[in-house]
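Here are my comments on the sheet, point by point. Please read them with the model open.

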Amino acid sequence: GRVRGALTRVWRKNGPVTDLAFLPAVEQRRLLIDKHLSATELLAAHLDQVERWNPLVNAIVTETFERARATAEAADEALLAGADPGLLHGLPVAHKDLHETAGIRTTFGSPIFADHVPDRTTLIVDRMWQAGAVPIGKTNTPEFGAGSQTYNEVFGATRNPYDVAKTCGGSSGGAAVALATGMVSLADGSDYGASLRNPAAFCNVVGLRPTPGRVPMWPNPLPWWTQSVQGPMARTVDDVALLLSAVAGPDRRVPISLQDPGTVFAPPAEGRTAGIRIAWSRDLGGLPFDHAVLDTLAPHRQTFSDLGFSIEDATPDLEGADVAFMAWRFWRYAATLTDLLRDHGDQIKPEVVWNIEQGLELSSEDLGRADVIRGQIFERVAAFFERYDYLVCPVTQVPPFPVEEPWVREIDGVPMDNYVEWFRSCYAISVIESPAISVPAGFTSDGLPIGIQIVGKRGDDLGVLRIAKAFEETTEFGAMGTQKLLEAVYLP
């Protein structure tokens, strides 16, 4: 208690307020390995933040605090006994409620599974446990991960810590909020249309959508599926790289898994800037955007130029991305949830029912056409990346919106036809299967976070991390946001 108290609350009249729970995970790990801090003390600091923030924002929805305390104590004992520490030794984490956790309730945000306790553990979670992470619970998600707004009938809505009247995004919304408020050091998430990037942008943290196969997905009823991914979220790029180094790497049960070992991503993520060619896309070829997003991001074209990158205005030809994304999304929902619709249709939210029913109406001609279009897009994007090394564009088309609104109905006067169309700036990137990262990029005049999206060639996850690190170091918006939240809590 004495050591933790000295570390967790440092008051400075002429400097920032700091808190152990908000230190970068790589720094927390260094303190743990050097035995300047125990895992038990670090856990207590994070549980203080859970007590402080969770009643306001509803990010952690299933608690495993006793298990966490036992795990932290075991980690301390093992380190004192001379055991080699894992990559995530002693770091408090939480797991998305779409990811199965043996012996720990996993609801998928659905009332159908409100009391479901699985007997197996999702591979990304198991790798985090094997690396020494300390799990404190599960993070909130929309029902079956459908939509980029985190609410469900089991736990309710998760709120944005920068304005609790606003949404945190989704579907990894609980994870983003838990990170932003210092409840956890690291968090896992998943991303089909926007789910690692959108909530990261809305909550001023970092979310990486890896190349498909970089983080193998198991169990998976569709093992050859390449559009959904699982991946890391954190408060800094180096912390994302740390978690990626623990969860990436091949698995024989996953046919699309990439062979590179996770160790290649170990932080720090540093690299050159001179000679790297960046395509700057203001609006991804004419998508509607809220002006608050565009105005916040506009100065960063010069930021990248000042960093030494060669930068040009350019956008890849993504024509047909809507058709390719929606057709295969419908098919996936029908393939995985049709039985639930038949048996529990009255317990499934309308947006999910719509997805399933649309999928059941697809013909082989529809799917064939969608796949041909996807192939054409991929070919055009491959040619685009022959000229440019990276694409930089907005993450979201709107700032965080009222938490009571299930989805955005209009952007800059353009009506949205369905619950996913408002995040086309993310799902168009999902179609090309490139690694893409959301990094804090500033705040609107109302103080709401905005993220910037950095997209690389398929397989170039390390390069994306390096570009993101260069941007993060020169702008420091993540640290600015953390300071805002700390001052709101600790200062009168």
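1. Start with strands β2 (residues 92-96) and β8 (residues 186-191). They run parallel and are joined by 2 bridges. Ala94 has Ala187 as its bridge partner in β8. Keep in mind that this is a predicted model.

2. Now the whole sheet. It is open and has 11 strands, with mixed pairing. The order is β1-β3-β2-β8-β10-β9-β16-β17-β13-β11-β12. At the edges lie β1 (60-63) and β12 (310-313), each of which pairs on one side only. From one strand to the next, the twist averages 30°.

3. A helix covers part of this. Helix α15 (residues 461-475) packs on the sheet. Its contacts are with β9, β11 (277-280), β13 (390-394), β16 and β17 (449-456). The direction of α15 makes about 10° with that of β16.

4. Next, β9 (residues 206-209) and its neighbours. Strand β10 (residues 229-234) runs antiparallel to β9, with 2 bridges between them. Strand β16 (residues 436-443) also pairs with β9 in the antiparallel sense, over 3 bridges. In general, strands of a sheet pair through backbone hydrogen bonds.

5. Gly207 deserves a look. Its bridge partner in β10 is Met233. In β16, Gly207 stands opposite Ser438.

6. Finally, which residues of β9 point one way, and which the other? Val206 and Leu208 point one way, Gly207 and Arg209 the other. All four residues named here are buried, Arg209 included.

Terms used:
Residues numbered from 1 in each chain as written. Predicted model: local features only at pLDDT ≥ 70, side-chain atom pairs only at ≥ 80, totals over all residues. Heavy atoms only, no water. Buried < 20%, exposed > 50% of the residue type's maximum accessible area, 1.4 Å probe, protein only. Pairing = 2+ DSSP bridges. Axes fitted to C-alpha atoms, helices over the stretch in contact; angles between N-to-C directions. Contact = heavy atoms within 4.5 Å.
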